[in-house]
Amino acid sequence: MRVSLLVPAAGRGERLGAGRPKALVPVRGRTLLEWALSRFPPVDEVLVALPPGAEPPPGLEARYLEGGATRQESVYRLLKEASGELVLVHDAARAFVVAEVVHRVLEATRTTGAAAPAIPVPDTLVEGATTYGRALDRERLRLVQTPQGFARSLLRKAHEAALREGRTATDDAQLVRALGHPVKFVPGDRRMFKVTYPEDLELLSALLQAEADELA
Ligand code: CTP
Ligand code: MG
């Protein structure tokens, strides 16, 4: 089955506050988008959603589209152009791609039609943003990462149902689940965190450096 990689990279990166779109922020000489794509195992087709007016980085084998106002809209634009029977949706902001995770997701997608990487929650979790509210049972909770894999026709159905019903979601698995289709979890990896805040750039840089040292 042919696999299309869809990369939403059209966000503004407001929480990072780097003065440019997050996917185009450089760390150790390459942008987050370049790291994410160059570390990704080979697929049949790569489609990337960029912010309006952004210059695609040179030298990457990818097709570029203009993203939308939300992540969901950006993914839908990519999805409409994809040709693979399977699609992997991966945030450019998860620049430290771990190949084993991608393989696990792809394997589970081939057998179930919908899969996502997830990891346990290490911290105590509570409701409430300013005062300590009810604690949630973290054993029952997971942090959900990308890449998420789907049969293309299933994800398309999920996005179109969401559009019709005016539902929004921060990832694609939510939209598929809303159709009543289960999404299989496979183990994710903490190194595949989403670069979100300024100090995350230091973490990414350190991971890349540690890996380079190991290979040296
Ligand atoms: N994204 C996108 N189109 C949008 C918004 C987000 O393609 N309109 C992408 C981002 O580029 C990122 C991924 O979706 O790779 C996850 O989004 P997030 O981490 O929220 O990135 P930003 O929206 O850029 O960051 P912020 O919310 O801090 O502005
Ligand atoms: Mg965002």
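Mentor: We shall discuss the nonpolar cores and then the strand pairing. Please note that this is a predicted model.

Trainee: Which residues have the most contacts inside the largest nonpolar core?

Mentor: In soluble globular proteins, nonpolar side chains tend to be buried together. Here the largest nonpolar core has 36 residues, and V7, A9, L33, V48, L88 and L204 have the most contacts inside it. At least two residues of this core come from each of β1 (3-8), α1 (32-39), β4 (45-50), β6 (86-89), α3 (99-112) and α6 (198-215).

Trainee: What does L33 touch, residues up to four places away in sequence not being counted?

Mentor: On that count, L33 touches V7, A9, A23, V48, L50, P57, Y64 and A92.

Trainee: Which way do the residues of β6 point?

Mentor: L86 and L88 point one way from β6, while V87 and V89 point the other way. All four are buried.

Trainee: In which sense, parallel or antiparallel, do β1 and β6 pair?

Mentor: They pair in the parallel sense, over four bridges. L6 has V89 in β6 as its bridge partner. With strand β11 (residues 148-151), β6 pairs in the antiparallel sense, also over four bridges. There V87 stands opposite F150, and L86 stands opposite A151.

Trainee: Over how many bridges do strand β7 and β11 pair?

Mentor: Strand β7 (residues 114-120) pairs with β11 over two bridges, in the antiparallel sense. The bridge partner of A115 in β11 is G149.

Definitions and conventions:
Residues numbered from 1 in each chain as written. Chains lettered and ligands numbered in written order. Predicted model: local features only at pLDDT ≥ 70, side-chain atom pairs only at ≥ 80, totals over all residues. Heavy atoms only, no water. Core = buried A, V, L, I, M, F, W, Y, C linked by side-chain atoms within 4.5 Å. Buried < 20%, exposed > 50% of the residue type's maximum accessible area, 1.4 Å probe, protein only. Contact = heavy atoms within 4.5 Å. Pairing = 2+ DSSP bridges.
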